[in-house]
Amino acid sequence: MKDNFSGHAADYARYRPAYPQELMAHLAGIAPARQLAWDCATGNGQVAGMLAPLFNQVAATDISENQLKNAVLLPNISYKVEQAEESSLEDQTVDLIVVAQAVHWFDFERFYQEVRRVLKPNGIIAIIGYGLLKTHPSLDQVIGHLYSEVLDSYWDPERRYLDENYRTIPFPFQEVTVPPFSSSYTWTPDDLIGYLNTWSAVKHYEKQQGHNPVQLVEQQLREAFDGETTTVTFDILTRVGKLPTT
């Protein structure tokens, strides 16, 4: 699994959008019990913190020790530096697995073997994420130019799974339909620029070109704002399933 985020873990914790609490409540509601949830590739513990009030225990794992240093600390969350494909969880003990904005980096076959090992009968696996944010047309145009043209060759190949709304990932589970969810925020130009600077392609561009590509469009971004703030919306991508019944 690639680690594109350790170097800017604090910014990731500060600027990345959160998931709706209603989504977590829905997932907890369809899990067979609320004893143990696994937030796999937890990053800064954002999802783990949302699951903590809903489950007795939350196991949260990530390959990035720097990310975990910025994680939410709660008594019933246990953090470990572990690969998604090789956890220390016991067999058939997990009620709910959540992977947020990360499954596209995994070795799918090995990870799904691990899911089959640790998930309880009727346990739930939820792959969630978000694609390109939406604002209003003039600002969307500037963001789209940065995303698709300036950064086009700097995105990792795995990014396409997000562009395809996770519909094309391997998903060998019995699909469970969930309602649509989204997250909306009121952001200033600095909030938006802070978020854009967490993009992995921005970091790749900086490393190769020696300067920040967001600065190339910063003035256009600021001019495209309607007033001091704007509403940004992230549609939540979901693939939710159970182990196939035999």
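These notebook entries record what I looked up in a predicted model.

**Conventions.** I number residues from 1 along each chain as its sequence is written, and I use heavy atoms for side-chain values, with hydrogens and water left out.

**Entry 1: the nonpolar cores.** I looked first for nonpolar cores, meaning sets of buried Ala, Val, Leu, Ile, Met, Phe, Trp, Tyr and Cys residues joined through side-chain atoms within 4.5 Å. Here buried stands for under 20% relative accessible area, exposed for over 50%, and partly exposed for values in between (1.4 Å probe, protein chains only). The largest core holds 55 residues, and Leu96, Trp199 and Leu221 have the most contacts inside it. Helix 6 gives the most to this core, namely six residues. I take helices (H or I, at least four residues) and strands (E, at least two) as DSSP runs numbered from the N terminus. Apart from this core I found another of 29 residues, with Ile97, Ala102, Val118 and Tyr166 among them.

Which residues does Leu221 touch, not counting residues up to four places away in sequence? I list Leu139, Val142, Ile143, Leu192, Ile193, Leu196 and Val214, with contact meaning heavy atoms within 4.5 Å.

**Entry 2: helix 9.** In helix 9 (residues 200-209), I noted Ser200, Ala201, Val202, His204 and Tyr205 as the buried residues. They pack against helix 6, helix 8 (189-196) and helix 10 (214-224). Just after helix 9, Gly210 takes a positive phi of about 85 degrees.

**Entry 3: aromatic rings.** I counted rings of Phe, Tyr and Trp (its six-membered ring) as a pair if their centres lie within 6.5 Å; planes under 30 degrees apart are stacked, over 60 edge-to-face, and the rest tilted. The count by this rule is 19 aromatic pairs. The ring centres of Tyr130 and Phe234 are 5.2 Å apart and their planes stand at 75 degrees, so I recorded this pair as edge-to-face. Tyr130 belongs to strand 5 and Phe234 to strand 8 (residues 230-242), so the pair ties together parts 104 residues apart in sequence.

Is Tyr130 buried or exposed? Tyr130 is buried, at a relative accessible area of 3%, and Phe234 is buried at 1%.

Phe234 also forms an edge-to-face pair with Trp187, at 6.0 Å centre to centre and 65 degrees between the planes. This pair links strand 7 (residues 182-187), which holds Trp187, to strand 8, across 47 residues.

**Entry 4: charges over rings.** A charge sits over a ring if NZ of Lys or CZ of Arg is within 6 Å of the ring centre and within 35 degrees of the ring normal. I found the charged end of Arg159 over the ring of Trp155, 4.8 Å from its centre. The charged end of Arg160 sits over the ring of Tyr161, 4.3 Å from its centre.

**Entry 5: two loop residues.** I located Thr135 in the loop between strand 5 (119-130) and helix 6 (137-150). Not counting residues up to four places away in sequence, Thr135 touches Asp140, Ile143, Thr231 and Val232. I placed Pro53 in the loop between helix 3 (46-51) and strand 2 (57-62). Pro53 counts as exposed because its relative accessibility is 66%.

Notes:
Predicted model: local features only at pLDDT ≥ 70, side-chain atom pairs only at ≥ 80, totals over all residues.
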